[in-house]
Amino acid sequence: MFLRWKKKIEILAKLDKDETSVSLARLYNIGKATVTDIKNNRHAIIDFASKMDSDDGIKRRKVMKVVKYHDLDKAMEMWFIQKRSLNELISGPLICEKALKMNTKLNGPEDCKTSSGWLHKFKSRHGIRELHIQGELLSADSSSAENFKQTFQLFVEKEGYSQDSVYNADESGLFWKALPRKSLVSCQEHTARGFKVSKERITIMTCNDAAGTHKLPLLLIGKSKKPRCFKNIKSLPDHHKTGKVLLSLNIAPTYLSAEVLNLIDPDYQVMFFPPNVTSLIRP
C-alpha cells in the first residue's frame, strides 16, 4: 500500500522519540519492512516535505513519486527561479521548449518529451501557479523612483514637513454598478449563472495625509451637467487644511504646472511624481 508523505513524516518523528518499528507497523497497519524503508529514506522524505511549505498545488501532492528525469527537473527548477528573480515573463510553452533544449545540453534521453502532462506535473512539484500580470508595475521606472524618493525625502526634511502635513491625491474610476465576479454557492450547485457586467462608472479622487490621521471627503465627478442633488445649491463646502502643506500628485497633461500651482498660496506646495513611478512609491 502507498503511504501519504505526511504519514511518513509522522513515522519519522515517532522513530526519533524511540518508538519501535514493531509498534509503528501495528499502529499504521503496515509491515515492519515498510517502516525500515522509511527510516532508510529519511533524507529523501524530509527533502520532499520541505517543499510542501509552498502555497500552491504542491500541497495537494499526497504520494511521493520519483521524478523520471531528475537532472532535468533540478535544472529547470533552477532556471525558473533565476528567470522569475529577474521578473521575466514565463509561459507553459516556454518551459516545455526550454526543457527540451536543457535535456539536450544535459545529454538526456532522446525520447524525453515535455508534453502538457509533464508540464502539469512540473508545476505541481514546484508550486508554480498562474497569475494575472500587473502591467503598471512591469512598466514602472525603478531608477527614477529611487531618485525621486531621495529628492522628496531631502525636500521634506529641508522644509520641515511632518507626516500629517504631507498629502497625496489621486483619481480613480469607480464602476459603481459592477457586481462581484465570484460567489459563494451551496454544495448542490454545480455552476454559478453569469451576468452582463455593467460598465457604468464615475471618477473619484481620494486625498489623505501620510500619517493617516486626516482624510478629505471623496471628490466625485459624475456625468450630469446639472445634477439634481445640487439643485438650489449656490456653493459647496470647503474642506482644506490650514498651515504648511505639501501635496504630491501623479503627473498628467491636464494639470497646470507645479510652478503655476505653487503661486496660488504660499502655504501650499505641489510636487509631481515622475512618469511611471507611482505604482512603486505612491502612499
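In which sense do β4 and β5 pair, and over how many bridges? The two strands pair in the parallel sense, over five bridges, where strands count as paired if DSSP finds at least two bridges between them. The model is a predicted one, in which local features need pLDDT of at least 70 and side-chain atom pairs count only at pLDDT 80 or more, while totals for chains, interfaces and linings use all residues. Residues are numbered from 1 along each chain as its sequence is written, and side-chain values use heavy atoms, with hydrogens and water left out.

**Overall content**

- The protein holds 11 helices and five strands, taken as DSSP runs numbered from the N terminus (H or I of at least four residues for helices, E of at least two for strands).
- Of the 283 residues, 26% are buried, a label that stands for under 20% relative accessible area, with exposed set at over 50% and partly exposed in between (1.4 Å probe, protein chains only).
- Among contacts with a separation of 6 or more, 62% come from residues 24 or more positions apart, contact being defined as heavy atoms within 4.5 Å.
- The protein exposes about 21,400 Å², of which carbon and sulfur atoms supply 55%, with areas computed by the Shrake-Rupley method with a 1.4 Å probe, and with only the protein chains shown counting as cover for residues.

**The sheet**

- The five strands form an open sheet in the order β3-β2-β1-β4-β5, with mixed pairing; its edge strands, each pairing on one side only, are β3 (219-221) and β5 (268-272).
- The twist from one strand to the next averages 25°, based on axes that are lines fitted to C-alpha atoms (for helices over the stretch in contact) and on angles that run from 0 to 180 degrees between N-to-C directions.
- Strand β2 (residues 202-209) and β3 run antiparallel and are joined by three bridges, and Thr-203 has Ile-221 in β3 as its bridge partner.
- Helix α9 (residues 142-159) packs on the sheet and touches β1, β4 (245-249) and β5, its direction making about 170° with that of β5.
- β1 and β4 run parallel, joined by four bridges; Asn-168 stands opposite Ser-248 in β4, and Ser-248 in turn stands opposite Met-271 in β5.
- Because four of its five residues are buried, β4 is largely enclosed by the rest of the structure.

**Asp-170**

- Asp-170 lies in strand β1 (residues 166-174) and counts as buried because its relative accessibility is 14%.
- Its side chain makes a polar contact with the side chain of Asn-250 at 2.7 Å; such a contact is a pair of N or O atoms within 3.5 Å, where within protein one must be able to donate a hydrogen and the other to accept it, and residues adjacent in sequence count only if both atoms are side-chain atoms.
- Leaving aside residues up to four places away in sequence, Asp-170 touches Ile-204, Met-205, Thr-206, Asn-250 and Arg-282.

**Aromatic pairs**

- The structure holds five aromatic pairs, in which rings of Phe, Tyr and Trp (its six-membered ring) have centres within 6.5 Å, planes under 30 degrees apart counting as stacked, over 60 as edge-to-face and the rest as tilted.
- The rings of Trp-118 and Phe-122 are stacked, because their centres lie 5.3 Å apart and their planes stand at 10°; both residues are buried.
- Phe-148 and Phe-273 form an edge-to-face pair, at 5.3 Å centre to centre and 75° between the planes, which links helix α9 with the loop between β5 and α11 (278-281) across 125 residues.
- Ring pairs link Phe-148, Phe-152 and Phe-273 into a cluster.
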